Amino acid sequence: MNLPPGPKGYPLLRNVLEPRGDAVGYFTKCVREYGDVVFLRFLGVPMCFVNRPEYIESVLVTQSANFEKSKDYRALRRVLGNGLLTSEGEFWRRQRKLVQPAFHQQRIAAYAEVMVEFTRRMLTTWTDGQELDVHEAMMRLTLDIVAKTLFDTDVSQEAGDVTAALDVLMGKFMRQAGFAFLLPKFVPIPTTSRLQRAVKQLDKVIYGIIRQRRASGQMSGDLLSVMLQAQDDEGIGMTDRQLHDEVMTLFLAGHETTANVLTWTWLLLGRHPEAAEKLRRELSVVLGGRTPTPGDLPRLVYTDMVLREAMRLYPPVWIIGRRALAPFRLGEYELPADTNVLMSQLILHKDARFFPDPDAFDPERWNASDPRSGALPRFAYFPFGGGPRVCIGAGFAMMEAALLLATIAQHFQVDLVPGQTVEMLPSVTLRPKSGIRVKVKSR
Ligand code: HEM
């Protein structure tokens, strides 16, 4: 077997698996030293880092039938159940078909009003000169929006419980993901009573909402109604359990990611006042003080470029993993079955071969007339993954991020509080380690 090169000996557990270790640094060092495909065994488990767009396309698209999600997703499964993010095979295919209609373009456009309305509501609580943690504010806002669009419910009363439970889940997740890589499938992943309590608490809220909705028979236009009415070719819908798992998945997948895009965008705009000014000018020309609608988005070109560039430098999902079912090839290399393939947006998005001056925040590189944007290979930029398992919420997320950014930037200038160091925490998603302090000035 022509295995790719890679380090001999075992890397430290915390280098590879723990967010507080330096997984990103280790991955970067490996690809620098050994090239775009790096093979290593980690306590016997074959692993492969892949850092070349065509090979990423090969794993996610061309050879996707030979891959399932990597073992670390097992840890997520115990929280999310068997929802879209974590399920496999025929079960996943059926669920994807059932859930897909909830994400059709027209359907999500109907949520624009909720998004803008909730943002305006948040802005009424902001005062001129106030200091706040913008990450916390974005998390709260996107949580409220996902709850409203999912089940037409204001989670304000339960939001405290829900966010606390989510925090516990997320905090515990990476540790568990580490174990999940190493343990054989039949060995249960260790858990804690705190985690179980948090899961139970969320379950209670979600089952409560599903039962109430079934009992009342009232169908509003929310995502839950669409999923409740969805049927497969045989006319069979989802069970309560399946609905619960999909709702939980959308709840979790659908808010922290978008909150992070916005948080990092505020950091970048704060550091680049000229870009913030250009954004403000675009908003003023296109909207003239009006509330943005989905119809405005095609003309908010710079807004879109800013968001894309923020997702390049700070991809909310910073790594994707797959496990090979059978031996496979990547170019000249042959790799064994059971290999866990890791592909990192965070590393590839900063590769100078594809992004000249990669650390610079330069939204113009996404300008359609800029030669750099045309020259980009597919999968050099993949914030939403790709292939059959591509993010189902990409359209929802991009619309939400643009509407929220436009609404906030129209009314407030967001300046960074000087003297703080902002560090990335690559957990399940890429978030700032200790929030980002800003001072907001009304316009
Ligand atoms: C900027 C925000 C977002 C980013 C960067 C993002 C990124 C991703 C990525 C990279 C994947 C693929 C994971 C893999 O291949 O292993 C994914 C899958 C998924 N995302 Fe998103 N996501 C975002 C927002 C959302 C939103 C708003 C929702 C729902 C409301 C959502 C729901 C999902 C679901 C259900 C999947 C699993 C799809 C499947 O396997 O069929 N995401 N997301």
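Tutor: In this predicted model, Val 50 touches Asp 36, Val 37, Tyr 55, Ile 56, Val 59, Leu 330, Val 341 and Met 343, leaving aside residues up to four places away in sequence. Val 50 is also among the residues with the most contacts inside the largest nonpolar core, which has 111 residues, and Cys 48, Leu 150, Ala 401 and Leu 405 are listed with it.

Of the residues that Val 50 touches, Tyr 55, Ile 56 and Val 59 are buried residues of helix H3, residues 53-62, where Pro 53, Ser 58 and Leu 60 are buried as well. An α-helix has 3.6 residues a turn, so residues three or four places apart point the same way. The buried residues of H3 pack against strand S1 (37-42) and strand S2 (45-50), and also against strand S3 (67-69), strand S5 (320-324), strand S6 (328-330) and strand S8 (340-343).

Turning to S1 and S2 themselves, these two strands pair in the antiparallel sense over 6 bridges, and Phe 42 has Val 45, in S2, as its bridge partner. The hairpin that they form has 2 residues between the strands, and in it Leu 43 takes a positive phi near 50°.

Of the 23 residues around the ligand, Gly 254, Thr 257, Gly 385, Cys 391 and Gly 393 come nearest, while by class the shell has 14 nonpolar, 6 polar and 3 charged residues.

Terms used:
Residues numbered from 1 in each chain as written. Predicted model: local features only at pLDDT ≥ 70, side-chain atom pairs only at ≥ 80, totals over all residues. Buried ≥ 20, exposed ≤ 12 C-beta atoms within 10 Å, placed from the backbone. Helix = DSSP H or I, 4+ residues; strand = E, 2+ residues; numbered from the N terminus. Contact = placed C-beta atoms within 7 Å. Near = placed C-beta within 6 Å. Nonpolar A, V, L, I, M, F, W, Y, C, P; charged D, E, K, R; others polar. Pairing = 2+ DSSP bridges. Core = buried A, V, L, I, M, F, W, Y, C linked by C-beta atoms within 7 Å.
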